[in-house]
Amino acid sequence: MIELDRVAYSYGGGELFSDVSLNLAPGSFQFLTGPSGAGKTTLLKLCYGELRATSGHVRLFGQNAREMGRDEVALARRKIGVVHQDCQFLDHLPVAENIALPLTVAGRAQEAGDYLEDLLRWVGLAHQAGQLPPELSGGERQRAALARAVIISPDVIIADEPTGNIDWEMSQRLLRLLIELNKMGKAVLIATHDMNLIRAAKTQVQSRVLRLNNRRLQAAGVDL
Amino acid sequence: MITAFGRFIAMLAGDPLADRSVPPTGYTARLTLFTSGAMAFLAVFALALSLATGRLADRWSAELARTSTLRISAPADQLDAQQAAAIKLLETTPGVASARALSAEEQQELLEPWFGPDIPIASLPIPRLIEIIEEGDGYDPTGLRARLQAEVPGAILDDHTRWREPLIDAAGRLRLLAVTAILLIAAAMGAMITLAAQAALSANAQVIRVMRLVGARDLYIAGAFVRRFTIRAFAGAAAGSIVGMLAVLLLPSTEVAGGFLTGLGFQGAGWFAPLCIPVLAAVVAFFATRAAALRTLRTQS
């Protein structure tokens with residue numbers, strides 16, 4: 001669904017990484033690790049078309065990202081659910097409307113209905129639906145971001161440090177949600193520093209760990 | 001054209017949920033309302049000037065075009081004979097409805113403003129004047145001049161062209177100025193709304209980023225801003241137009257002040273003309289905001 005083939009990305013005159021290949025196939029569950037500043041977030045942005053590779057090929061659902069117009073990228077993003085570290089909500093809209101936003105912009109707001117309520121219950125935010133995002137705790141925001149990422153039933157879920165601001169119990173809950181989605185056939189890519197999260201995931205789902213370090217992406221074990 | 005109009009309506013109808021995506025921005029809202037209101041107020045006066053000068057040009061043209069004057073300058077003993085010959089000739093000229101020699105009293109009235117009421121008109125070598133009223137398409141001035149030259153050597157035909165043309169030209173220029181003013185007002189309003197829209201877009205960079213993240217297309221994002229600014233411009237211009245029309249309505253009447261300026265106003269169906277101003281403002285706001293939004297979204301990608 002999303003393929004990176006020998007991709008390089010340069011920023012400010014320096015090469016952040018090069019020769020990176022990655023395939024987000026249906027049902028795959030992958031972790032992306034590496035030191036801060038290695039380019040994990042940049043790599044994720046290449047995966048959902050926010051940035052363009054300096055060289056190499058990025059294919060989003062069969063299309064060459066370099067040749068895609070902004071509208072085509074927008075349509076591709078409707079198949080990708082993104083969970084940001086800082087969540088990124090529209091702070092003036094209630095949580096429920098934020099979660100329904102992908103359906104709204106796709107002109108499918110009427111589909112939200114009961115599904116939205118189920119989703120809010122699923123992520124444990126049924127009682128926070130009418131609150132504004134700044135009123136939520138870190139964990140609640142992460143769960144709301146996950147709900148927003150999945151409401152449109154995307155083929156791929158990309159999460160950038162989804163457990164960065166939450167406690168272990170909440171991390172486990174989020175992980176279970178992601179594993180459930182993966183079992184539905186969604187491809188999952190999680191960028192994280194949290195080795196405990198990776199170890200916990202390995203006991204529940206067949207996953208692959210990739211490490212971005214020294215400008216290269218390598219398959220790694222949990223011990224890395 | 002139909003497609004463009006369809007897009008205009010579709011974007012205006014839009015999606016109320018999309019509008020909620022953009023937080024209300026008090027500063028740009030007030031700026032747009034005030035600008036479009038003030039511009040509409042000025043546009044009402046420019047429109048009134050345009051319509052008034054149009055009426056003035058038509059009136060001057062009509063009044064002067066249907067009449068002309070024949071002046072007969074000849075020795076005193078030939079004046080009566082030449083006048084009679086001229087009237088006879090004019091009565092048989094196609095396009096002339098009537099020809100009438102001005103009486104001594106009428107000529108005295110014409111000269112009074114310059115020479116006073118006691119002018120001894122009978123003792124002065126004043127030419128005779130014949131007023132010609134035209135009918136249908138009027139007479140052929142070249143042919144008439146040729147016949148007059150042959151039969152009434154002291155006659156000079158004045159068809160008022162040299163008076164009429166500069167007056168109509170002046171009225172036309174005034175009208176052009178008024179139309180130019182309306183266009184400048186529309187352009188200034190477009191510029192102000194563009195700046196306000198750009199300010200709103202810059203202030204909402206994070207909103208745009210989130211909208212894009214969840215798959216919103218540029219037109220969808222732009223639409224939320226475009227609708228908001230179009231509706232604000234329409235509301236502001238409607239208010240400005242109403243105030244402008246009231247101001248025109250309250251101008252002094254012709255009977256009180258007289259003169260050209262008192263003709264500055266709307267007459268009959270002309271009162272409906274200012275209703276176009278809010279619509280024009282909305283169209284200007286629509287295209288100005290759309291262009292600004294799409295340009296900004298392109299640069300932010």
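At what angle do the axes of α3(A) and helix α4 of chain A cross, and within what distance do they come? Before I answer, please keep in mind that this is a predicted model, in which local features need pLDDT of at least 70, side-chain atom pairs count only at pLDDT 80 or more, and totals for chains, interfaces and linings use all residues. Residues are numbered from 1 along each chain as its sequence is written, while chains are lettered from A and ligands numbered from 1 in the order in which they are written.

Now to the two helices, where helices are DSSP runs of H or I with at least four residues, strands are runs of E with at least two, and both are numbered from the N terminus. The axes of α3(A) and α4(A), the latter covering residues 113-122, cross at roughly 115 degrees and come within 11 Å; axes here are lines fitted to C-alpha atoms, for helices over the stretch in contact, and angles run from 0 to 180 degrees between N-to-C directions. That makes α3(A) roughly perpendicular to α4(A), a term for 65 to 115 degrees, with under 35 counting as roughly parallel, over 145 as roughly antiparallel and the rest as oblique. The contact is made by A:Ala96, A:Ile99 and A:Ala100 of α3(A) together with A:Leu116, A:Leu119 and A:Leu120 of α4(A), contact meaning that the C-beta atoms of two residues, placed from the backbone, lie within 7 Å. By class, this contact has 6 nonpolar, no polar and no charged residues.

A second pair in chain A is α6 (residues 168-183) and α7 (residues 195-202), which pack at an angle of about 45 degrees with their axes 11 Å apart. That makes α6(A) oblique to α7(A). On the α6(A) side we find A:Ser171, A:Gln172 and A:Leu175, which meet A:Leu197, A:Ala200 and A:Ala201 in α7(A). Sorted by class, the contact of α6(A) with α7(A) has 4 nonpolar, 2 polar and no charged residues.

Let me turn to helix α1 of chain A, residues 40-47, whose buried residues are A:Lys40, A:Leu43, A:Leu44, A:Leu46 and A:Cys47; a residue is buried if 20 or more other C-beta atoms lie within 10 Å of its own, exposed if 12 or fewer, and partly exposed in between. Seen down the axis of α1(A), these buried residues fall within an arc of 155 degrees, so they line one face of the helix. Just after α1(A), A:Gly49 takes a positive phi of about 75 degrees.

In the loop between α1 and β4 (55-60) of chain A sits A:Leu51, which counts as partly exposed because it has 17 C-beta neighbours inside 10 Å. Although A:Leu51 and A:Tyr9 are 42 residues apart along the chain, their C-alpha atoms are separated by 9.2 Å. Leaving aside neighbours within four places in sequence, A:Leu51 is in contact with A:Tyr9, A:Thr42, A:Lys45 and A:Leu46.

Finally, the second chain. Chain B has 11 helices and 4 strands, and 34% of its 301 residues count as buried. The contact between the chains takes 19 residues from chain A and 18 residues from chain B. On the side of chain A that touches chain B, α2 (70-77) and α3 (95-105) each supply at least two residues, and the largest share, 5 residues, comes from α2(A).

Technical notes. Nonpolar A, V, L, I, M, F, W, Y, C, P; charged D, E, K, R; others polar. Arc of directions from axis to C-beta.
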